[in-house]
Amino acid sequence: MNNKKVKELKVSAIENGTVIDHIPAQAMFHVIRILNLEDFENMVMFATNLESKKYGTKGIIKVSNKYFAPEELNKISLVAPHASIIEIRDFQVARKTVVEIPDKINDIVKCFNPNCVTNHEEVRAHFTVTDKEEIRLKCHYCEKITSKNTMEFR
Amino acid sequence: MKHKSLVSINDYTKEEQLRILELAQEFEKNPVQRIMEDYVVASLFFEPSTRTRLSFESAASRLGAKIVGFSEASNTSVKKGESLRDTILTVANYSDLIVMRNPIEGSARFASEISSVPIINAGDGANQHPTQTLLDLYSIQKTQGTLDNLHVALVGDLKYGRTVHSLVIALCNFNTTFHLVSPVELKLPRSVKMHIKEKNLAYHQYTELEDVLPKSDVLYMTRIQKERFSDPLEYEKIKNSYIFHADMLPDTKENFRVMHPLPRVNEIHTSVDKSPKAYYFEQALNGVFVRQALMTLILGIK
């Protein structure tokens, strides 16, 4: 073994696929749900409450043989705004990106307004992001603002 | 504008709004014309709103249209559990235009997306009531001779009052200076102020009604509702502080007019009613002409 410090991996490496790192520990299961990993058939590994220098604790997800479209991954930015996305090809890092908060949010968030039509009829809420810093979402239907502390996921 | 639903005031451009006001003037001169004889207007009021419903139905009747519909949901299939989607899809088969009032917010937008005929939103809960805004604009234009560069004071519940929100947004197209008078708890929300800031317009906030009287061209009064206060003592403290009284008229400009979306409770004292500066009842009448203009433009008759 050479002198280089070998970092012990808490989650095994994957040959091909996507690693999603720096997920806030408490957002882990939201991310799984948003990306619909529950229905995914390839190997998915995840760990949470790992130590993180930057954030205290963090979660990590490794999805083998799957590369996501940026729009799909950007959906998780609402719960994991600092997540990094690492594409692995043949055990090597092929590309590293960070998530971005999209201009529009469809399907994944519920409108917080109990009197909104989306909570009464068979129609899904969709939103325009009016503030990317504080995360404020304007409902297309009732025009009310859903903010971080009132946000609920489907 | 043909076949274009009106859900929020912002659905129509400034030019389209001005076109409606211009046509409303023609209807004011000649409100009885048989130009809608071949049309059926559905008037779906899922909650009672006598004033708005009668104004729409009167507007349509005077143009010869047939009106179908209901004035409250209790005697309809809605009571049996029918979804709004099914009601709209069915009624769209029977009519050329649907006027809808519904307590569920966003219901009008949803209806406009599934309906084959245009929808006019006659109020969706606390969200939007765009024909009120059009008649407010018409009333301001008619009394002031212009919509541009006016000083408009909005008084009362600026936080929850949807008519205030839509009117502020609409006036942002006309270089208005806003004077906002409300208790601290009921200040205009940030989401509405954003529109004023985007246009770089001036706005001033006050807690005393007296402070704005000498500056204002239009005083737009609204009702403060008790249920808006978590602390009933707070309500008791402020409930009488936003009442416009005839004593205050001498402090106002010659062109000054008092408006109110109605119903009023006590926020404009009846002593004001006889003054030529009281405009709230004429304001309600203007709703008929504005709605005639809107319906005929949407149907492509005008």
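Which residues of helix 4 of chain B are buried? I started my notebook with this, keeping in mind that the model is predicted.

**Entry 1: helix 4 of chain B**

I listed the buried residues of helix 4 of chain B and found B:Ser107, B:Ala108, B:Arg109, B:Phe110, B:Ala111 and B:Ser112. The helix covers residues 107–114, and six of its eight residues are buried, so it is largely enclosed by the rest of the structure. I then looked up what covers these buried residues, and the cover includes helix 3 (84–94), strand 3 (97–102) and strand 4 of chain B.

**Entry 2: domains of chain B**

I noted the domain assignment of chain B, which gives domain 1 (9–128 + 287–298) and domain 2 (130–284). The C-alpha centres of domain 1 and domain 2 of chain B lie 26 Å apart. I found 18 residues from domain 1 of chain B and 16 residues from domain 2 of chain B in the contact. On the side of domain 1 that touches domain 2, helix 1, strand 4 (119–124) and helix 9 of chain B each supply at least two residues. Helix 1 of chain B gives the most to that side, with five residues. By class, I recorded nine nonpolar, six polar and three charged residues on the side of domain 1 of chain B that touches domain 2 of chain B.

**Entry 3: helix 1 against helix 5**

I followed helix 1 (residues 14–29) of chain B to helix 5 (residues 130–144) of chain B, and they pack at an angle of about 65° with their axes 10 Å apart. I noted the crossing of helix 1 and helix 5 of chain B as right-handed. Which residues meet where helix 1 and helix 5 of chain B are in contact? From helix 1 of chain B I wrote down B:Gln17, B:Ile20, B:Leu21 and B:Ala24, and from helix 5 of chain B, B:Leu134, B:Leu137, B:Tyr138 and B:Gln141. The residues of this contact divide into six nonpolar, two polar and no charged.

**Entry 4: the largest nonpolar core**

I looked up the largest nonpolar core, which has 115 residues. Those that touch the most other members are A:Val31, A:Ile76, B:Val99, B:Leu154, B:Leu219 and B:Tyr220. Helix 9 (residues 280–298) of chain B gives the most to this core, with seven residues. The core also draws at least three residues from each of domain 1 and domain 2 of chain B. I picked A:Val31 and set aside its neighbours within four places in sequence; the contacts left are A:Ile20, A:Ile23, A:Ile61, A:Ile76, A:Val79 and A:Ala80.

I counted two helices and 11 strands in chain A. From the N terminus on, I read its elements as β-α-β-β-α-β-β-β-β-β-β-β-β. The C-alpha atoms of chain A fill a box of roughly 65 × 30 × 20 Å along the principal axes. Of the 154 residues in chain A, 31% are buried. Among contacts in chain A with a separation of 6 or more, 58% are between residues 24 or more positions apart. I then turned to the contact between the chains, where 15 residues of chain A are in contact with 12 residues of chain B. The chain A side of this contact has seven nonpolar, five polar and three charged residues.

**Entry 5: B:Val212**

Is B:Val212 buried or exposed? I found it buried, because 21 other C-beta atoms lie within 10 Å. B:Val212 lies in the loop between strand 7 (203–206) and strand 8 (218–221) of chain B. Leaving aside its neighbours within four places in sequence, I found B:Val212 in contact with B:Ala153, B:His179, B:Val181 and B:Tyr206.

**Entry 6: backbone exceptions**

I found a cis peptide bond joining B:Leu262 and B:Pro263, with omega about 5°. B:Pro263 is in the loop between strand 9 (257–259) and helix 9 of chain B.

A:Asp107 is not a glycine, yet it has a positive phi of about 70°. I placed A:Asp107 in the loop between strand 6 (104–106) and strand 7 (109–110) of chain A. A:Asp107 is partly exposed, with 13 other C-beta atoms within 10 Å.

B:Asn149 has a positive phi of about 60° and is not a glycine either. I placed B:Asn149 in the loop between helix 5 and strand 5 (151–155) of chain B. B:Asn149 is exposed, with 11 other C-beta atoms within 10 Å.

Definitions and conventions
Residues are numbered from 1 along each chain as its sequence is written. Chains are lettered from A and ligands numbered from 1 in the order in which they are written. This is a predicted model: local features need pLDDT of at least 70, side-chain atom pairs count only at pLDDT 80 or more; totals for chains, interfaces and linings use all residues. A nonpolar core is a set of buried Ala, Val, Leu, Ile, Met, Phe, Trp, Tyr and Cys residues joined through C-beta atoms within 7 Å. A residue is buried if 20 or more other C-beta atoms lie within 10 Å of its own, exposed if 12 or fewer, and partly exposed in between; C-beta atoms are placed from the backbone. Helices (H or I, at least four residues) and strands (E, at least two) are DSSP runs, numbered from the N terminus. Domain bounds come from an automatic or database domain assignment. Two residues are in contact if their C-beta atoms, placed from the backbone, lie within 7 Å. Ala, Val, Leu, Ile, Met, Phe, Trp, Tyr, Cys and Pro count as nonpolar, Asp, Glu, Lys and Arg as charged, and the others, Gly among them, as polar. Axes are lines fitted to C-alpha atoms, for helices over the stretch in contact, and angles run from 0 to 180 degrees between N-to-C directions. A crossing is left-handed if the near helix is turned anticlockwise from the far one by less than a right angle, and right-handed if clockwise.
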